[in-house]
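Please consult the sequence and structure shown here.

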Amino acid sequence: MKRFRFGINCRHQEIDHWTQTCRSSERLGYDVIQAPDHLGSASPFAMLAAAAAVTSRIRLGTLVLNNEFWNPALLAREAATVDRLSGGRLELGLGAGHMKSEFEAAEIPWRPHAERVANLERSIGELDRLFAEDGQQPLPTQVPRPPLLIGAHGERGLDLAARHADIVGFAGLTQVRGARMGTFRVADSAETLRRVEFVRARAGSRAEALEFNVLVQAVVVTDDAEKTAAELAAAYSTPGLDTAEAVLASPYVLVGTAEEIADELVANRRRFGFSYVTTHGAYRDALAEAIPQVRRREEALEAPPAAAPAEPAPPGGV
């Protein structure tokens, strides 16, 4: 199993104290700072470049870029610049885009999902060419390219991720058919497991090398998980998170004491392969309470078994 990594996905709310957020996230034990790519959020590459200047260890990722917003040559320039500025710490997350309202606001044509996924695959091919040794300057520090994360939920996107990604991102959200755009349902554990197994089957010989990322939508540390889960279910009223039982069973919401959350994360790694855990900025400090607990459990699982005590010699020699 892959070792645990923890990421924090930050939006515009953090922009006015961004450098402090980056430094403190590194101190809290986070492994990756991530930025989304939505209108209404700050510029992802500007945020990551600023993060690179004030940190030394933590990696920097996009979760995820809307590929339809980017020309491959311009995207390669931005990604390579941040990778060079950070000394090779970038993780490039890409997706096909799913918020129609943002396409309309940016006056970018909204195309069918299959076309957006096909365009994403073309962009990946172009990025590989642009990042090659004889490609477009500046070249990234990481060779042959920064690690590629592809976020998807449907089979077309997951098939693409299985064939091309280094990291597969699972957020569990699906647009509700017939509802206003941006109205989502959340996959339950059984559906999530089917998606994970689909990726593993499509990846073939690549499967063992893949890292699985999960975007946790909420983390609440509490001594009364059942009561808190019921409150969250009432607040969400979202298919997949509309009962306390669904909230407690979901791999996309973490509720309980720090110890209980750590146990759930270890169990989810065993069941789904989710070793790379990201949450939103609002829940950073809550997840940070569980990180040391997870690390201790991981060390215990990886420790070699104690040697059996030697048999005492029989009295009187042989």
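The sections below treat the model, the helix and the aromatic rings in turn.

## Basis

The model is predicted: local features need pLDDT of at least 70 and side-chain atom pairs pLDDT 80 or more, while totals for chains, interfaces and linings use all residues. Residues are numbered from 1 along each chain as its sequence is written, and side-chain values use heavy atoms, without hydrogens or water.

## Helix α11

Helix α11 (a DSSP run of H or I, at least four residues) covers residues 284–302; at 1.5 Å a residue its 19 residues should span 27 Å, and the end C-alpha atoms lie 26 Å apart, which agrees. The helix bends by about 30 degrees at Ala290, with Pro292 following within four residues; the bend is the angle between axes fitted to the seven residues ending there and the seven starting there.

Buried residues (under 20% relative accessible area, 1.4 Å probe, protein chains only; exposed is over 50%, partly exposed in between) of α11 include Leu287, Ala290, Ile291 and Val294. Among the elements covering the buried residues of α11 are β1, α10 and β13, contact meaning heavy atoms within 4.5 Å.

## Aromatic pairs

Rings of Phe, Tyr and Trp (its six-membered ring) pair if their centres lie within 6.5 Å; planes under 30 degrees apart are stacked, over 60 edge-to-face, the rest tilted. The count is seven aromatic pairs. Phe45 and Trp70 are edge-to-face, because their centres are 5.5 Å apart and their planes at 90 degrees. Phe45 belongs to α2 and Trp70 to the loop between β4 and α3, 25 residues apart.

Key: Helices (H or I, at least four residues) and strands (E, at least two) are DSSP runs, numbered from the N terminus. The expected span of a helix is 1.5 Å times one less than its number of residues.
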